[in-house]
Amino acid sequence: MTALYNETITGGPVSFAAAEDFLRMFHDAHPEAGAVRHRLAEVRAEIAETGTYRHTHQELCYGARVALRDSGWCTSGLPWRRLKVRDLRGIHKASAVAAQCFEHLRLATNGGKIQPLVTVFAPDRPDAPGPRIWNAQLVSYAGYPDMGDARNADFTESIEALGWQPPAVRTAFDHLPLVVSTGLQDPQLFKIPREVVYEVPLTHPDLPWFADLGLRWPAVPVITNMRLRIGGIDYPAAPFNTWFVGTDIGTRSLADESAYAMLQPVAIQLGLDTSTDRTLWRDRATLELNRAVLHSFDTARVTITDHYAETQHRLAWLRSRRNRGDRPAFRPHKSR
């Protein structure tokens, strides 16, 4: 199965049963790969000798695509067969992982025409864990006591303890560094180059004052803290992206009280009565935030989808879902 979750795993051989489930699925989908019994014999012998096995490039690509298709962590309308997979399993060093994450961001941004992409780094082995990325997303904003993304407050405090120094003049949109650990070494911090970060300034189609709020958001949601599992093998660093759904930004990030809490500032500018929830001022402010997000991304010609289109895709996905057994998937890392 393909899955993502966030703990360090060492020790123990790969399950041959999990490998067999995946390889049979792969060969069912790719009869040109030959008889599955030959591949199963190779993998059984490799696991017996080393405790693990190595996916072929074709197996890795298929597993990553199925993981993204079936796990429900991406835009359901994604044409999963066209998902690009970067096979970087030979990369172990933290600096190289960081450099390739930045290259992933550049390739995925693609001038605004967002390219769905997965980059797969070295897997866990019985004798040593693979590299791991600790950020939830590649481009994320610091959470300070008085400003910024409150969801990142604990993470911001943790990396300050590791030596990160915020800008002398703090803002609500300060980029957090990338945090990478390899093997059993301490995490290392890497500044994300400004030239690979494409941010969309948020404006509103009807409200000129909205631009004065100074809101912006990254163009690409690159998820970095999930573990990819394919056929019993764990890839703890496998950053991937599709594109944003508008409400991910407008509702879950900007409006949410546990994130940017922008509802009241917007409501005040709109002249709404905020003395009671029965005026539905929160709903009206949320609507305008979401209108601004879709308008701004469309104006910047950056790929985005809306929640109505996403709902239809999601329902179709649920009706056809066949996520049974030990199938590939992206899942959250378990808390340590």
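**View 1. The largest nonpolar core, with 53 residues****.** In this predicted model, the residues with the most contacts inside that core are Leu178, Phe210, Leu254, Leu289 and Phe297. Which elements give two or more residues to it? They are helix H4 (94-109), strand S4, helix H6 (246-255), helix H7 (263-270) and helix H8 (281-299). H4 gives the most, with seven residues. Apart from this core lies another one, of 33 residues, and Leu23, Phe26, Ala64 and Ala238 are among them.

**View 2. Leu178 and its contacts****.** Set aside the neighbours within four places in sequence, and what does Leu178 touch? Its contacts include Ala98, Cys101 and Phe102. Also on the list are Ile133, Asn135 and Leu138, then Gln188, Leu189, Phe190 and Ile192.

**View 3. An open sheet of three strands****.** The strand order is S3-S4-S5, and the pairing is antiparallel. Strand S3 (132-133) and strand S5 (188-190) are the edge strands, each pairing on one side only. Zoom in on S3 and strand S4 (residues 178-181), and you'll find two bridges holding to the antiparallel sense. Here Arg132 stands opposite Ser181 in S4.

**View 4. Phe22 and Tyr62, one of nine aromatic pairs****.** The ring centres are 6.3 Å apart and the planes sit at 35 degrees, so this pair counts as tilted. It links distant parts of the chain: Phe22 belongs to helix H1 (residues 16-29) and Tyr62 to helix H3 (residues 57-70), 40 residues apart. Tyr62 comes in at 11%, and it counts as buried because the cut-off is under 20%.

**View 5. A cluster of aromatic rings****.** Which residues do ring pairs link into a cluster? Look for Tyr141, Phe173, Trp217 and Tyr260.

**View 6. Arginines over rings****.** The charged end of Arg44 sits over the ring of Phe16, 4.0 Å from the ring centre. Arg170 does likewise with Tyr144: its charged end sits over that ring, 4.6 Å from the centre.

Terms used. Residues are numbered from 1 along each chain as its sequence is written. This is a predicted model: local features need pLDDT of at least 70, side-chain atom pairs count only at pLDDT 80 or more; totals for chains, interfaces and linings use all residues. Side-chain values use heavy atoms; hydrogens and water are left out. Rings of Phe, Tyr and Trp (its six-membered ring) pair if their centres lie within 6.5 Å; planes under 30 degrees apart count as stacked, over 60 as edge-to-face and the rest as tilted. Helices (H or I, at least four residues) and strands (E, at least two) are DSSP runs, numbered from the N terminus. Buried means under 20% relative accessible area, exposed over 50%, partly exposed in between (1.4 Å probe, protein chains only). A charge sits over a ring if NZ of Lys or CZ of Arg is within 6 Å of the ring centre and within 35 degrees of the ring normal. Two strands pair if DSSP finds at least two bridges between them. A nonpolar core is a set of buried Ala, Val, Leu, Ile, Met, Phe, Trp, Tyr and Cys residues joined through side-chain atoms within 4.5 Å. Contact means heavy atoms within 4.5 Å.
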